[in-house]
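Here are my comments on the model, as numbered points. Please read them alongside the sequence and the coordinates.

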Amino acid sequence: MSDDAVLARKKKSRLVTAPVPAPSSLLFNGPDWNFETLGRIFDAVREIGEGELGLDTYRTQIEVITSEQMLDAYSSVGMPLFYKHWSFGKDFARNQMMYNKGYQGLAYEIVINSDPCICYIMEENSATMQTLVLAHAAMGHNHFFKNNYVFRQWTDASGIADYLSFAKAYIAKCEERYGIEAVERLIDAAHALQSHGIHRYPGKRSMDLATEERREKERRAHGESLFNDLWRTVPQAKGKKPATKKKLDEERRKAILKLPEENILYFLEKTAPRLQGWQREILRIIRLIAQYFYPQRQTKMMNEGCATWTHHRIMTRLHEKGQIGDGSYLEFLHSHTSVVMQPEFDDRRYSGINPYALGFAMMQDIERISLTPTDEDRSWFPDIAGNGDAYGTLKNVWANFRDESIISQYLSPHLIRKMGLFHIVDDHAEDEMEVAAIHDERGYREVRRALARKYDVARSDPDIQVVDVDLAGDRRLELRHNVMDGVTLEEKDTDRVLQHLADLWGYEVRLVEADDETVYAEHKCEPIRPFA
Amino acid sequence: MNIIDRRRDPGGKSLANRQRFIRRARALVRRAVREASGKRSIKDIDKGGDIVVPADGVREPVLRRGSQGGKREYVLPGNKKYVRGDGIQRPDEEGGGSGASADGEGEDDFRFALSNEEFLDLFLEDLELPDLAKRQVMGVEETRPVRAGFRSSGPPSSLSVSRTMRNSLSRRTALGRPRPQDIAAMEAEIARLDGLEGQEDKATALRADLERKRTRMRVVPFIDPLDVRYRRYDQVPRPVARAVMFCLMDVSGSMDEHMKDLAKRFYSLLYLFLKRRYKRVDVVFIRHTHEAKEVDEETFFHSRESGGTVVSTALEEMARIVQDRFPANQWNIYAAQASDGDNLPMDNLNTINLLKSVILPLCQYYAYLEVGHSRDDGGGEGSSLWRAYAPVVASDERMAMRKVSHRRDIYPVFRELFAKEGAGGTGAEAEA
């Protein structure tokens, strides 16, 4: 109540002193806000987002949190609930220190791909920042989550919250039953392989997390109902099965095991001979969560571009409509420009291409091409140049592309020139690095192709596959790293991961690094403490 | 749209994970803590703070490409002078000044901050106070409210609603207070009967009944002052374990700053340690030359005196103070004496007698720390005080002594003295 009173008094004094043209239309005055203000801001933002831009979003749930809670959220990948593991504690310890020392600020918001879409916003934000954050997250990201094909294909926004709570409870139960140490070690191993626990190509697998949860219960119930202690005492027919196995030739074996398989965690879950049921289930949990985050990695640049372009447009419209004051607009621009700042390669601050900067620039460029194209644009982009429907074009792009494909399709010569992009090839067989292409007529396509490759997640993750299992003999698991451009794996880490893999598999594991011509390296690992 | 205020939610969501992390890295963190404590000033020794552990111990390995060799491509913004075909010198080992340095996690140390509590826990882990159990229940100075049933009067804040309502219900049942629903039902019934012909008798009877019930309702109140109960709290005295720590130090001219610094470090550790075990710890500083005086901390450590060295004066002073202010049956008494080992030769006998007959019976633990310079090491068989104390230490487990000549030895010596199954300790498994 007292807050409101103060706010009211402030408003009054402003009204008397400052000549604001249409004071009644302002959403807020000054940096203070309360829940009523938030509601008003959200309505105004949505009016523009849905009414003018035609965005299509999940319902929004705004949660106001403190900076400490933001730190908590950081260390659980932003999710409201997550299973317990020491590695999250490690992240938390580091973030906490960085934040307390002032080395690192906190995000203004975190947004979660769920239905309803949860936006965490910090209590410290000023009213202007809250407006920006709502436009960015509750409109931009939210629309992207709901409409982009990668998210639609791979994630189940309505099921994730329930699945995480199932996962958390399941893992906690396992800890109770089998001991924290055993579970922790298993999760360590699974985390090490998490980046190779992803299906990169859609098959007939459905990703309905609620069903996953139900199916696990059914599997267990089925197992329990079938359990009959008598069977244990029946003598086994000896030598029968191995005999049939021996007959299988390699082709047949691979076909049955569905090899080669690039989803190592999936393969282990289904095939590892010595794992217990609960261990398989935990592998499955870790793998499904990795899968849920996979689209985010594929669309980071676009997602931020979409959200940044959206907040920029909405804030500008709010200002035009007189709903935010000049001061607020300047505060917004200050924050916006620092977000989309792209230092050049020889700048001390350069640390890669800023996804916000590139994303925002591309969205603006697409808008420009569709509204006021040059002749160059007309010849490069005949499908969208001058179509006059910027919003429609953008929404189509947001729905049907990911980082790699949007760059190879829509990075225009105009933008390449503007950013001064150039392509360097660094072949360690040569003495010097070579400038392979720059922003000129001969180079546009090459620069564009090279940049798109950079954003291809399937290319930037090393391509490692399970290729064979010696089922009849010593059960050795064979993996192959398809080496690209002669770049091999980091050795120390690889050996550590292989140790985890060997413990999971229970027998020896061998990883060969090779391309079509050369074998670069071979790693072998025996299990030390196999899971069983 | 929904707005939810999470700010009041219980915090510390990450606490469990953080503890798991520290538990996992415990050995590493403990080593780091001890290293860090050596570098700190005394005042900061109980503060938490940055801890650096080798990243190797808490590594999360993943399959990733190495940063060396092969053919790599970069796309960089901000070209100014390069044209196609230009050669660029490879920057040394920095991964081409480009994306390569960003994607590799360095082999650096992992740095994070510990809270004061966590720091001390690790710092003083596995240390035990000798003889703690012996006099644990000490002076009574605090009381604590304890629930003790109910009473019929009290402040509104301690009103027990459930108990009051239970009383009210049983009284209402016993006295047959009609329920409001029954009355409503009767009224409805009367209204129904009124609508019908030939039911006047029934209606009249019902009306009389209703009237009776209404009266009863008025007479028997819903809540009677008789029903009201309040929670009753008794103030239970709580014993508080408390300790006093005597710091005895020789401040004669032969004690230089280095020696005093060593002594001070030892005292700080002891103080910290006692503070963790006892709710209340008093510290008494007694300095002595040829005469002893109780002083404040500042004077104790920083002012110089001149004169001879008579240790027994300090012990006398301590005995006097114990008698005056710290009755041995109410206080746990610890003493730490620091000296360079000089004593007036004729005082030695007196000192030992005092120790044996007066001081040690009072004390839980008496530690003698002989401070010196590293160059003195191995010089003969020890000082006069050391030689004098040796037989006492051998015969009485409440006393221990150590030599320290360098700052880095303080902590190991301290640990030796207070290790759980260590020298001087009785191995008491008591918890304060």
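1. Helix 10 (residues 311–325) and helix 11 (residues 348–362) of chain B pack with their axes 10 Å apart and at an angle of about 25°. Axes are lines fitted to C-alpha atoms, for helices over the stretch in contact, and angles run from 0 to 180 degrees between N-to-C directions. Helix 10 of chain B is therefore roughly parallel to helix 11 of chain B (angles under 35 degrees count as roughly parallel). Helices (H or I, at least four residues) and strands (E, at least two) are DSSP runs, numbered from the N terminus.

2. This is a predicted model, in which local features need pLDDT of at least 70 and side-chain atom pairs count only at pLDDT 80 or more, while totals for chains, interfaces and linings use all residues. Residues are numbered from 1 along each chain as its sequence is written, and chains are lettered from A and ligands numbered from 1 in the order in which they are written.

3. Which residues make the contact between the two helices? Helix 10 of chain B contributes B:Val311, B:Ser312, B:Leu315, B:Glu316, B:Met318, B:Ala319 and B:Val322, and helix 11 of chain B contributes B:Asn350, B:Thr351, B:Leu354, B:Leu355, B:Val358, B:Ile359 and B:Leu362. Contact requires C-beta atoms, placed from the backbone, to lie within 7 Å. The residues of this contact divide into 10 nonpolar, three polar and one charged (Ala, Val, Leu, Ile, Met, Phe, Trp, Tyr, Cys and Pro count as nonpolar, Asp, Glu, Lys and Arg as charged, and the others, Gly among them, as polar).

4. Chain B has an open sheet of six strands in the order 10-9-8-11-12-13, with mixed pairing (two strands pair if DSSP finds at least two bridges between them). Strand 10 (292–295) and strand 13 (399–404) of chain B are the edge strands, each pairing on one side only. The twist from one strand to the next averages 20°.

5. Within chain B, strand 11 (residues 332–339) pairs with strand 12 (residues 365–371) in the parallel sense over six bridges. B:Gln337 stands opposite B:Tyr368 in strand 12 of chain B. Helix 10 of chain B packs on the sheet and touches strand 8 (242–250), strand 9 (280–288), strand 10 and strand 11 of chain B.

6. The contact between the chains takes 76 residues from chain A and 53 from chain B. Helix 1 of chain B gives the largest share of the chain B side, seven residues. That side divides into 19 nonpolar, 15 polar and 19 charged residues.

7. Strand 1 (residues 60–65) of chain A pairs with strand 1 of chain B in the parallel sense over four bridges. A:Val64 stands opposite B:Asp5 in strand 1 of chain B.

Note on methods:
Angles under 35 degrees count as roughly parallel, over 145 as roughly antiparallel, 65 to 115 as roughly perpendicular and the rest as oblique.
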